[in-house]
Protein chains: 2
Amino acid sequence: MLRRLFLHHARRRLHSSAAGASVPLSTPTFAIFGANTGVGKTLVSAGLAAALLDSHSPSISAVSYLKPLQTGYPADSDARFVFAKTPALLRASSSYPRATRLVASCRTLFPSPAVGAEAEPLHQSQEKVVAYGGDGAAEETKVLACRTVYAWREPVSPHLAAEREGMAAGDDDVRECVEQWLLEEGVGEGGEVWKVLETAGGVASPGASGRLQCDLYRPFRLPAILVGDGRLGGISSTLSAYETLLLRGYDVSAVILEDRDLSNDKFLLSHLRNRVHVLALPQIPEDPLDDLTDWFAESSSVFIFLKDALQSFHSRRIERLNSMQRKSKDILWWPFTQHNLVPQDSVTVIDSRCGENFSAYKVRHSSSTLNLFSSKENCSEALIELARDMGYAAARYGHVMFPENVHEPALHSAEVLLEGVGKGWASRVYYSDNGSTAIEIALKMAFRKFSLDHGILADSEEFTKRERNIQLKVLALKGSYHGDTLGAMEAQAPSAYTSFLQQPWYSGRGLFLDPPTVYMKSEMYNLSLPQSMPHDPHTSGGFSSQAEVFCKSRDKSSAADLYLSYIKQQLSEFSLSSNSEHLAALIIEPVIQGAGGMLMIDPLFQRILVSECKSRKIPVIFDEVFTGFWRLGVESASELLRCLPDIACYAKLMTGGIVPLAATLATEEVFKSFKSDSKLTALLHGHSYTAHAMGCTAALKAIQWYQDPSANLNLDTNHMKLKELWDGALVKQLSSLPNVKRVVSIGTLCAIELKAEGSDAGYASLYASSLVQQLRKEDDIYVRPLGNVIYLMCGPCTPQDSCSRQLLKVHRRLCDLNRTH
Amino acid sequence: MLRRLFLHHARRRLHSSAAGASVPLSTPTFAIFGANTGVGKTLVSAGLAAALLDSHSPSISAVSYLKPLQTGYPADSDARFVFAKTPALLRASSSYPRATRLVASCRTLFPSPAVGAEAEPLHQSQEKVVAYGGDGAAEETKVLACRTVYAWREPVSPHLAAEREGMAAGDDDVRECVEQWLLEEGVGEGGEVWKVLETAGGVASPGASGRLQCDLYRPFRLPAILVGDGRLGGISSTLSAYETLLLRGYDVSAVILEDRDLSNDKFLLSHLRNRVHVLALPQIPEDPLDDLTDWFAESSSVFIFLKDALQSFHSRRIERLNSMQRKSKDILWWPFTQHNLVPQDSVTVIDSRCGENFSAYKVRHSSSTLNLFSSKENCSEALIELARDMGYAAARYGHVMFPENVHEPALHSAEVLLEGVGKGWASRVYYSDNGSTAIEIALKMAFRKFSLDHGILADSEEFTKRERNIQLKVLALKGSYHGDTLGAMEAQAPSAYTSFLQQPWYSGRGLFLDPPTVYMKSEMYNLSLPQSMPHDPHTSGGFSSQAEVFCKSRDKSSAADLYLSYIKQQLSEFSLSSNSEHLAALIIEPVIQGAGGMLMIDPLFQRILVSECKSRKIPVIFDEVFTGFWRLGVESASELLRCLPDIACYAKLMTGGIVPLAATLATEEVFKSFKSDSKLTALLHGHSYTAHAMGCTAALKAIQWYQDPSANLNLDTNHMKLKELWDGALVKQLSSLPNVKRVVSIGTLCAIELKAEGSDAGYASLYASSLVQQLRKEDDIYVRPLGNVIYLMCGPCTPQDSCSRQLLKVHRRLCDLNRTH
């Protein structure tokens, strides 16, 4: 009952801030982890608390100690130990100059039923008042608040105790309590408050739910104090524990361990040089009757040193965070960003990421309080494994040149690509670094294949003479976008991106067709034909569902006839216009044109286009950089188009967001057009890090993760597609708002075009900016506008409820915007 | 004495193979690591040995056990325990069907002096013969060979024992013994031999030198068996130890641990699901007098399961390695590679990297033996830290969009870039993915700056009319190479890379000057002027040293006058030829043109060119993708040129070889030319992974590593340059060989052009191939030819002796080649 109330209270507090939890950075907060169990974490807690309260830092007015998970209770209670020992230490020492009153309290929130009633007084709140320092009447009051959240009776790991005693403590519950504790203000009386969280067991000991503690507390990423192991073998367990913390993205502020005449501390200090402080404590008496008074007296200088080290760690961290907005404005040059339009305080300083959320430093509203967003989201197991795999790949391979070499990640990820997105057509994988380079390679492949198929390269001597007259061009769609390097840009129609101002070398080497598009407005799926296409009353009109749009039976519709004749006409006009120009490749973004404005192209049109090119032996390139890997709800968008390319490009989602890598897949026929006995006919395009082991390892992990129903709960395994991630009803509501022009919702993408006229339209528009700013500042949704289009995009494994939450917030903002306009 | 002899023997064996150590993969070999000390590693060794010898696998004829480092000797001797216990277990069990004779031996090679003479018999070789299995006369003989290498008396960590007892065991010594043990054949009598190496203490316990054991044995990367910890806290220490092994690139084949009723094994099994076997052993009796017979009897099924798991792990590994050459030929498409010219067996299968060496799977000569190259080289501390940092960055950040955001690695690496290679001129960092993209961005920057400075974009309406007529071109040098994307290619002179066959869209948008080059031949530094330049007898001729080439006093030489008038003439000819064409950027690779053939350009010429362009307000781009970060012995090649650019591009060495990342640095003046109140004037070029946290973290680490004298022993801190890495005398000898046309040796680069005429010349040449093949197959030097140029290239921190060894091998091969031609 108490627990429910407490959690309810915690939840209410959280929800009162629309932005989620903002933790004041001004409070130094540390988490104490152990290299093993029984290494003295609680002694460090007590010693540190005493050093903080009894020191020459009169600014510190309170220490708040939290033990989220306690087992062996009430016989063992680390909070009670700190509560009992710290005041005793303060009284025993006389170093504090002013007469002070310490108000110490101790409380256990949720004892397990097995703890029994007889222990009741122990977990009721206890309080005592102690005087220390100086002489005479107390000049000031300090506070020591010790709290245990969950307590079980059996002295075993919390996950066992929770099971055996029938009191669970879910990750969200534990995190909410920690979050509440972090948010708590007014513990002291105006002075500085320090907070110390003590974990249970070793760094990777399971919490009550079975989640490792280093993972359980990860969303807060509190700076860690690692209590090392001074025993034989302790160097190893301390270093391993340190690495486990690093592999979760923790910063370790100090390592402190008992000195048992094995010089473990000296070894660790020299091994971890420059990275972290290593402090040695005197040997801990083994006699359980020893009250440790002498030991603490002997240790006090170490704890004062620890306190100073933590203080300077904290100041450096805050100072750095405070300066990052200014510094980044001074020295960074962001892509696609007009620096004049980015005020310093709107730069987002990202401290870390966890799941779909960022922990970001911000200065909130006009107040100068500093806030750290924490998140309740889990870092998924897969992401933790990915981090481990990154360390492994770096350690195993380092740099490996690729030509004529092979290593496991490169080969294995190639196999997985061919069995997945390349299934049924591709037989070769060509690696490069990003979408742009993958496209440039694809074009080179297509041009060679076309040239051989059409006799352009049949006779090399003959060719040399004709060379200057032959011009290869691409067939592409208006509004498509294939990347920022010149070769990729040449394959797209003129736009703001391609102006002389941006790329003086751009000429646009293609025939660019105007495609028909599909979108939702006012709950209806509409087809929009380009003006250049004759408007047939049978063809225009709408669809009752998205499934209908993709239905194969449309191949026999009047739209199919219209499209085919339009395409044939365009192609023949082109070939009549010039003898020397050839359309040597078709390049399309299947189904969705991304950077061009999140447009859904009528799949029927693209299917007919592909078929027409194949019949003319024009190689077909699918630019799946954006659409690949479940972006549209299926692994490859070719499943939606129901036709296959000769060449396809992949990047972005391929590596799960961690490192750049791209792959251009090709059929064996394309590959063969580069084979001969001369090195000169080989495909001469490569980058230093081609097929780098880190990227291939990440790709392997990510691709398998997306496909694994036990890791990806969004997967509908019967149909091998993603479940609907964006609430259908809400999408329809959105599409009916008067300030919404159209909505495209498919797979992991939900794009909304806002209505705008005149100068608001186009890429330069700032119309969507206020919306985007609000979402970012008030709702912690980090979207970027594409002209008047704003879009939500999640990962293939993002939980459905996270998508819904985001869409709801967008809907709310759009309704507001509607009212104010 | 014994030790010297032994090591001498080991060394001789190694050197008898020119290729270094080749370890037969057919022998299953495993390393036993512990999650902590005292977790029962030796019990696992003995139990496994018994399961291997007493099983239904009659093919196994021998087990060879090695304990490289033993402390607490002779009271403790793990080898002796295995030697004593295994035969007893075999005799006690009756599961082996055939009557067998076991020849068991035990030997300690190097007891410390403190062990004392009284223990002498213990470390003399002991042997005993035991009969087991079946009835009657022995049908076969099996062998158990147990060996301790180094043994100290004190029961402490080897690094302390070694120090206290005055018997060191250097890493190389220990590794040589392990290597010899791995190479040992004929332990059994024709059947299968298994080898088991048992480490001391926990995974990260120090060896005798203080190097952690996981690092000490890393060059062999033996598949690991991790003996976990079944005690309270053991989940944490086992998982941390597992992660420590992964962070060194080990594969863990099985985790095995004592079951102490805490279900640690069940938790670990579920946590590590699909990744590794987890086996539970019955609780180990704590009574030291227990002879463990019952425990082993109870455990035998677990050990048989372990044996089977290891066997299948081994088979899968071998099978995979055996198939990788074929599979990679089938599905990979290597850049810059004519697949027809790569026979399957010349594909190098890289199992792992350590320091400068690869561990590579190969089929040697005509024999079908499989070999695994191991290496004596250390993986440097910095690289281990880099792997750790990669795991940390992945865990902390995951994917972060960059525009308008900032995170610590992006900001910090930008700071380090501006304080280093950008010092004195650059104020902005623009990140991208590789050298090519960095160049395309640099060109966009330069063109905008030029257009604004020269009034081309002054009036946008006016401009629109003139747009089509204005053509911006680059001023560049013949033979320079700036990358493979179209924009980068357009900035280079025509070559085999730019033919219609390779890139039909290439037109070569530049004025390409023929530069003077400098090289060494017959011990002399020569200057070679291009034919297009008037040959002045005062100018040609040589230099006595490389320092003279770079001397600033040459600014007043007759060569300077010659260069200046040549440049002025070329520029004025260009401007006379067309009104609409502008040279809007100078782009050069400072000092060394890399991919174009490792040519050293006369720095005086480049300096004058830069100065002339600056005076004409033509923005100057340094393409430092190849030359940057100590490639030429100094951090930036601009230090050698003694002049500064407006824009410079960095990649390759910037991230220490681990992940792709590039940076384009620019002056504030260049940056300002993109500022306005319109988003349309921003630099619209970006990639999804721009400024990815992994790359920036790697860059930060690598750049700091190169500059840190304690980590980079090549650094001459007085002059902030690298010491000479290529032995000067040897370089001179090379330059005098009749089949050598020229040598360029500077910083980390030593390039040798072979003499070749006619069809041998140029990029298509296969002339250098036989040399390259020999170096690869016989000398384990992985060089790639550039036409007739072969080049050695090391990292900024590669030890000098490693460079010398490689250069010696090349010299030897060239001398041989000389004799046979």
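Predicted model: local features only at pLDDT ≥ 70, side-chain atom pairs only at ≥ 80, totals over all residues.
Biologist: What should I know about the numbering and the model before I start?

Modeller: Residues are numbered from 1 along each chain as its sequence is written, and chains are lettered from A, with ligands numbered from 1, in the order in which they are written.

Biologist: How many helices and strands does the secondary structure of chain A come to?

Modeller: Helices (H or I, at least four residues) and strands (E, at least two) are DSSP runs, numbered from the N terminus. Chain A has 24 helices and 32 strands. Its C-alpha trace spans about 105 × 65 × 50 Å along the principal axes.

Biologist: What share of the residues of chain A count as buried?

Modeller: Buried means under 20% relative accessible area, exposed over 50%, and partly exposed in between, with a 1.4 Å probe and protein chains only. Of the 821 residues of chain A, 66% are buried. Contact means heavy atoms within 4.5 Å. Among contacts in chain A between residues at least 6 apart in sequence, 72% join residues at least 24 apart.

Biologist: How do I read the area buried between chain B and chain A?

Modeller: The size of an interface is often given as the accessible area lost when the parts come together. Here the buried area (accessible area, 1.4 Å probe, that two parts lose on being put together, summed over both) is about 15700 Å² between chain B and chain A, and carbon and sulfur atoms give 59% of that area. In chain B, Trp333(B), Glu404(B) and Trp505(B) lose the most area to chain A, together 7% of what that side buries. In terms of contacts, 173 residues of chain B meet 172 residues of chain A.

Biologist: How many residue pairs are in polar contact across the interface of chain B and chain A?

Modeller: A polar contact is a pair of N or O atoms within 3.5 Å; within protein, one must be able to donate a hydrogen and the other to accept it, and residues adjacent in sequence count only if both atoms are side-chain atoms. The interface has 100 such residue pairs, both residues at pLDDT 80 or more. Helix H11 (residues 381-396) of chain B gives the largest share of the side that touches chain A, 11 residues.

Biologist: What does Glu415(B) form a salt bridge with?

Modeller: Glu415(B) pairs with Arg320(A), the closest N and O atoms being 3.0 Å apart. The pair crosses from helix H12 (residues 408-419) of chain B to helix H10 (residues 293-331) of chain A. Glu415(B) is buried, with a relative accessible area of 14%, and Arg320(A) is buried at 18%.

Biologist: Which strands pair with S26(A)?

Modeller: Two strands pair if DSSP finds at least two bridges between them. Strand S15 (residues 428-432) of chain A runs antiparallel to S26(A), joined by 5 bridges, and Tyr431(A) has Ala663(A) as its bridge partner. Strand S25 (residues 647-650) of chain A is also antiparallel to S26(A), with 4 bridges; there Ile647(A) stands opposite Ala666(A). In strand S26 (residues 662-666) of chain A, 5 of its 5 residues are buried.

Biologist: Is Thr199(A) buried or exposed?

Modeller: Thr199(A) counts as buried, at 0% relative accessibility. Thr199(A) lies in the loop between strand S7 (192-198) and helix H7 (213-216) of chain A. A polar atom of its side chain lies 2.8 Å from the backbone oxygen of Ile32(A).

Terms used. Heavy atoms only, no water. Salt bridge = Lys/Arg side-chain N within 4 Å of Asp/Glu carboxyl O.
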